[in-house]
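Please look over the sequence and the model below before reading on. The report then takes the metal site, the fold and the charged pairs in turn.

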Amino acid sequence: MILYSLKCSHDHVFDEWFSNISDYDVRKTAGDLVCPECGDKDVAKAMMAPRVGKSQPEPAPRCMPGGCGGCQFAGHE
Ligand SMILES: [Zn+2]
């Protein structure tokens, strides 16, 4: 699930959960995104909500194609 902050054309900001990134486009196209304050359907993505902005540890970088001769990804192609 992804939490987006949405903003209507009247600058009302509200949060909405989406099952994935494309779910936003699907629901916007379907007219399913409505401002809870004024009922405006002209909503757009605002800043990402802080709740999902927690920094995740960077995944270990993959080694070079062809291998590096002993990294943790031993066995890769
Ligand atoms: Zn509104």
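## Terms and model

Buried means under 20% relative accessible area, exposed means over 50%, and partly exposed lies in between. Lys7, at 35% relative accessibility, therefore counts as partly exposed. The model is predicted.

## Overall fold

The protein chain has 1 helix and 3 strands. Along the sequence they follow the pattern β-β-α-β. Of its 77 residues, 21% count as buried.

The accessible surface of the protein chain is about 5800 Å². Carbon and sulfur atoms hold 55% of that surface. Among contacts with a separation of 6 or more, 34% are between residues 24 or more positions apart.

## Zinc site

Four side chains hold the zinc ion: Cys8 (SG), His12 (ND1), Cys35 (SG) and Cys38 (SG). The distances run from 2.0 to 2.3 Å. The 4 donor atoms subtend angles of 106 to 114° at the zinc ion, so the arrangement is tetrahedral.

In sequence, the donor residues are spaced C-x3-H-x22-C-x2-C. The pair His12 and Cys35 links distant parts of the chain, 23 residues apart. His12 sits in the loop between β1 (2–8) and β2 (13–18). Cys35 sits in the loop between α1 (21–29) and β3 (43–45).

## Around Cys35

Is Cys35 buried or exposed? Cys35 counts as buried because its relative accessibility is 2%. Leaving aside neighbours within four places in sequence, Cys35 is in contact with Cys8, His12, Phe14, Asp40 and Val43.

Leu6 and Cys35 are 29 residues apart in sequence. In space, their C-alpha atoms are 8.4 Å apart.

## Salt bridges

How many salt bridges does a search of the whole structure find? The search finds 4. One joins Asp11 and Lys7, with the closest N and O atoms 3.8 Å apart. Asp11 is exposed, because its relative accessible area is 55%.

Another salt bridge pairs the side chains of Glu16 and Arg27, at 2.7 Å from N to O. Glu16 lies in strand β2 and Arg27 in helix α1, so the pair ties together parts 11 residues apart in sequence. Glu16 counts as partly exposed because its relative accessibility is 21%. Arg27, at 17%, counts as buried.

Arg27 also meets Asp23 in a salt bridge, at 3.8 Å from N to O. Both residues lie in helix α1, 4 residues apart, about one turn of the helix. Both Arg27 and Asp23 are buried. Salt bridges with shared partners join Glu16, Asp23, Arg27 and Asp32 into one network.

Definitions and conventions: Residues are numbered from 1 along each chain as its sequence is written. This is a predicted model: local features need pLDDT of at least 70, side-chain atom pairs count only at pLDDT 80 or more; totals for chains, interfaces and linings use all residues. Side-chain values use heavy atoms; hydrogens and water are left out. Donors are N, O and S atoms within 2.8 Å of the metal (3.2 Å for Na, K and Ca); water is not among the atoms, so sites may look incomplete. Four donors count as tetrahedral if all angles lie between 85 and 135 degrees; four count as square planar and six as octahedral if opposite donors are over 155 degrees apart and all others between 65 and 115; anything else is irregular. Helices (H or I, at least four residues) and strands (E, at least two) are DSSP runs, numbered from the N terminus. Buried means under 20% relative accessible area, exposed over 50%, partly exposed in between (1.4 Å probe, protein chains only). Contact means heavy atoms within 4.5 Å. Accessible areas come from the Shrake-Rupley method with a 1.4 Å probe; for residues, only the protein chains shown count as cover.
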